[in-house]
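Open the structure in your viewer and switch to the cartoon view. We will go stop by stop.

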Amino acid sequence: MVPARPSVLHSMQLRMAMGYGLVIAVLLVLLNTYPLLMTQNLMFRSQQTALENQAALVVNSLTTADELTAETLEQAIAPLDELDADRILVTDEAGLVLYDTGEAPAVGKYILTGDVVSALRGNDAFSSRFIGGAFQSRASAPVMTRGTVVGAVCLWQRDEGQGLLLGEIQRNLRLVSLVVGLVVLTIFAIFSTRLTSRVSTLLGGIRTVRAGEYTHRVSVTGHDELAQLADEFNQLTGRLQATEEERRRFVSDASHELKTPLASIRLMTDTILQDEAIDRETTREFVADIGESADRLIHISQELLALNRLDEARTSPRERVDVNARAEQTCRMLAPLAREAGVTVENDLGEDCVACCDPEDVSQIFRNLMENAIKYNVPGGAVTVSTRRAEDHVLLEVADTGMGIPAEDRERIFQRFYRVDKARSRAAGGTGLGLSIVQDTVRLHGGTIDVRPREGGGTVFSVSLPAWREEGTP
Ligand code: ADP
């Protein structure tokens, strides 16, 4: 089933844009509020200190006065140069205004606002608000004589300078936020477009390969995870291509192999049927040939089935296998073949060669390798079967003094149906599948197989199989 392309709502780019957009928005809101609040707070504190100091100055100037009257207050406060409050108001202990420098003086009236009441109770009070672009602050303090409250001082101040400064900071922050937002958006647009175009390249590649174009490779620039992904994908496609080529070659080789005996069966049956005068003896010969071709077909199909079983097998029975016993048994079995070919077979069996494997599979490995060593040998040649125990594996070697395998063919002889000398292989009843079966069997048991030229001519096949470990041995 073809997976649906992501809708705009589900696209990676949109999700990223939303995610980044949210983060940037939060950051910009913080940038616009936090410094402003901090500055406002600092200004508030400086207003408070300044106004409270002035209130303390007024209170100090009044401590010497015996009685709070309009005159004594005027005399005490007027000379104070340091005062720059917009309005100074002094009440008696009952809250009656005795002195007021405001535009509409409240002298003779009672003023009982919260801060004045608090001051008359003996506490300092301060409040400040930022309204209409200016700080409006108010500080109140009690006037004490011999430990008793005799009145309250209240100062007002409106500060537009600080307000202007705060407004300026706010405007600057907005400008900076705008520039930062635009820069971030531009960078994001560039990066995300680049990223999505690389992802699209990768996706396009995957779709092309899925359509069967195994030669296709994607090219994603860079060294990041996406480039690594593309690299892995290319390697995967390479393997797919190799498998596909192998499959095609196998189908073509198998058809070819089956075609030859089938064609000869067809030819011989046609001859028997068409030649009415054919004698009984010739017919018998033809039928015997047909039987041989049928045997060949059976042999090929048996080997193909064996390969198929090996392809499907994930595990195999693992037993304690005496490799030497299997080697000797195979030598005995192939003695007639060796005699017929004029080849001597020798043993060089080591100690403690016990493998963890399937006994029949070990025999099969020996049989295929030794049959080849005899088949591709020269009259008077020799085959040596040796076994040896290494640390955690058992080594099996089949060496021959035969014709050897050219270096360029050595890698390919394990491929299905690959033969170096086709005519000789066919004449000896070979199918070109024996070594593939050996290799698959060895791999199934977690072993390895190698081929190398023998010094002095010939070939050595060496197989390594996992050694049997008794329970409890490390
Ligand atoms: P076959 O049925 O043809 O023997 P194999 O898969 O067993 O198929 O071997 C593949 C090819 O490898 C053979 O056709 C032969 O050309 C070559 N070969 C295998 N073993 C030997 C050997 N011991 N010496 C020389 N050539 C060999």
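This tour visits a sheet, a helix across it, and then one leucine.

This is a predicted model, in which local features need pLDDT of at least 70 and side-chain atom pairs count only at pLDDT 80 or more, while totals for chains, interfaces and linings use all residues. Residues are numbered from 1 along each chain as its sequence is written, and side-chain values use heavy atoms, leaving out hydrogens and water.

**Stop 1: the sheet.** Select the five strands of the open sheet, in the order β2-β1-β5-β4-β3. Their pairing is antiparallel. Strands (E, at least two residues) and helices (H or I, at least four) are DSSP runs, numbered from the N terminus. Two strands pair if DSSP finds at least two bridges between them. Now color β2 (97–100) and β3 (125–131): these are the edge strands, and each pairs on one side only.

**Stop 2: one pair.** Select β1 (residues 87–92) and β5 (residues 148–159). Six bridges join these antiparallel strands. Click I88: its bridge partner in β5 is L155.

**Stop 3: a helix across the sheet.** Select helix α1 (residues 12–62). Helix α1 lies across β1, β3, β4 (134–145) and β5.

**Stop 4: L240.** Move to helix α5 (residues 225–274) and pick L240. Contact means heavy atoms within 4.5 Å. Last, select E371, 131 residues from L240 along the chain. The C-alpha atoms of L240 and E371 are separated by 34 Å.

Key:
Axes are lines fitted to C-alpha atoms, for helices over the stretch in contact, and angles run from 0 to 180 degrees between N-to-C directions.
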